Protein chains: 2
Amino acid sequence: MAEHLIDYERLRSFTEQIFCKIGCPLTDARTAATALLSADLRGIDSHGVARLSGYVRLWEAKRVNASPVVKIVHETPSTAVVDGDSGLGLVVAPFAMKVAIEKARAAGTGWVSVSNSNHFGIAGHHALMAVEEGMIGIAMTNASALVAPTFSVERMLGTNPVCVAIPAGNEPAFVADLATTTAANGKLEILQRKNQAAPAGWIQDKDGQPSVNPHELKGGGALLPLGGDREHGSHKGYALGAVVDIFSAVLSGANYGPWVPPFPAFVPMPSNQPGKGLGHFFGAMRIDAFRPADEFKQHMDQWIQRFRSARPAPGYEKVLIPGDPEREAETIRRKAGIPLLNAVWQDLQDLGERFDVKL
Amino acid sequence: MAEHLIDYERLRSFTEQIFCKIGCPLTDARTAATALLSADLRGIDSHGVARLSGYVRLWEAKRVNASPVVKIVHETPSTAVVDGDSGLGLVVAPFAMKVAIEKARAAGTGWVSVSNSNHFGIAGHHALMAVEEGMIGIAMTNASALVAPTFSVERMLGTNPVCVAIPAGNEPAFVADLATTTAANGKLEILQRKNQAAPAGWIQDKDGQPSVNPHELKGGGALLPLGGDREHGSHKGYALGAVVDIFSAVLSGANYGPWVPPFPAFVPMPSNQPGKGLGHFFGAMRIDAFRPADEFKQHMDQWIQRFRSARPAPGYEKVLIPGDPEREAETIRRKAGIPLLNAVWQDLQDLGERFDVKL
């Protein structure tokens, strides 16, 4: 499906320039471009540069402040609340994660809840900032409501992803980065483009009946929580998505549940919002706040090697460690370039023309 | 299926006396009985007094130390590692949760990883200790390997439950208490007793093929991670169970993956164990470490009320809040008594006769 292959650095520089053109200070533009492009590098095409024009439209609709004053509004030795001042989540999230890391340096762990933000790209990028400091990183965010809780026809939760990234020794980091739904919305978007049926258990129609029509969400249908239905544990996926929502928004003062601002700028804002913007939650834990880091890393290596050598089911080569597929994609794409669909390529060309930036 | 109804206090006192008889100090016996019976109160019959004789057999096999010296072996302002000295998890876990709560009082949050422990009953009981102090509580534990990761035929993880308990204002607490599998092992045990087929997506046979035979685990089969199969997100359930394993055991120095000690005393211990006992992980977060508690509680009430009033799917009365079913069970059972199957009743009678304790 890839119709263009663009060098990562070229695409990153283009994205940075576009963010500058809408008024981001250079350091913010750089932070945002790196965060956004990390999705393309890691093979999560739905959350990367394909969304750049969407972020620009949010700025045009005055839902994003390109030069926010992001600040800590409350703190204790191991916690903080950050107000994102309506900035790009791609800028606010790295700020908050840095606060979590600094808290962890002093107190062992750091936990930061964020209000008044916007979409932050992929959770994995932010969680991995802690791994670069030798810490465990946790990142989660709420998002606008596309998911129906168990027994509900109403969409009440976003796909509310969570990432836990854990450093190892000689082995690469363990990186579990997952939406709390059966399938991420990005995967459904791919089926929509191909007009292909979705697997059973991914979505329901507007009446709460199971559906395989990938366009069901436009007609009032919903994504399903991880588990799919009650018999297969959808109440667990619902509970996990709810925890992400509460940690990200009820702890910080952001909007939660059906009140979270939508990503598409043409979708009206929900009325009677109880908070500010959307919310995130970050954690950093210093390894040596628990045990000597070298001991931990040695056992993480053993953990990873043992799981990787588990006897595979017939037809499968091996058992994967969370983070393996994304790391493999990154290795390939850093060399070969980022594959872009023609529609995305054209979208970027239009942006470039409009802002006088060459891709 | 309930064949006997026993008053809660009578059953708790019996359990406490049995723990005393195997050598637990009175305060530990009380703590353990309360923790164990909380499962029966909350309707999770598989993890309650039905397991009392199992705990006694672990003590007989010298796998449980009835009078442990549980202690903190490392700490920072917001973290600690606790060594359970091979004690009952039912005693070690409340000790560790108290440490987390004290850390949170001083530093905003507290995080405690535990090694050298045993099975701790239900996660919810321990997480709710924080809610009683007005805090958010988190509890998780690893367990012996019954679950095959995605693409694996080998059992590598326990059902590794996690509980997040969040206080509200006028509404009861939000309590998400879940095994990271499609179905908890206790639910499978019920089908085994009835000799009924399991729903598709719960288990696989020894060759990694889907199965509905509830006895499959005896023949080398496995429970499946939440999601069931790759297409429905089993890699997410696998990742969540893995995070529980790593936080509980690799951070603390307990056994992980296939090396976790089994609950049945007749099952041999895995060889070449890399750590001590099994592991838990606990967290406590003070609400006012993030925002004023009354503001938070007001918004939690609004969150709960909004979700509870979501439009239900046809055939369902209403959308539930995590914790609703268990709280309802507790209300009924505190009044009406704890229902026991005849086999469990007989097991308790035998225990009582042996230790000269009257039920």
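Guide: Buried means 20 or more other C-beta atoms, placed from the backbone, within 10 Å of the residue's own; exposed is 12 or fewer, partly exposed in between. Strands are DSSP E runs of at least two residues, helices H or I runs of at least four, numbered from the N terminus. This is a predicted model: local features need pLDDT of at least 70, side-chain atom pairs 80 or more, while totals for chains, interfaces and linings use all residues. Residues count from 1 along each chain as its sequence is written, and chains are lettered from A, ligands numbered from 1, in the order written.

Visitor: Why the two directions?
Guide: In a regular strand, side chains alternate between the two faces of the sheet.

Visitor: How is β7(B) joined to β6 of chain B, parallel or antiparallel?
Guide: Antiparallel, through 5 bridges to β6 (residues 162–166). Pairing takes at least two DSSP bridges. B:Ile166 has B:Phe174 as its bridge partner.

Visitor: Switching topic. Which residues touch the most other members of the largest nonpolar core?
Guide: A:Ala96, A:Ala165, B:Ala96 and B:Ala165, out of 248 residues. Domain 1 (4–182 + 224–286) and domain 2 (183–223) of chain B both contribute, so the core lies between them. A nonpolar core is a set of buried Ala, Val, Leu, Ile, Met, Phe, Trp, Tyr and Cys joined through C-beta atoms within 7 Å. Domain bounds come from an automatic or database assignment.

Visitor: And how many helices and strands in chain A?
Guide: 10 helices and 12 strands. Buried residues make up 59% of its 359 residues.
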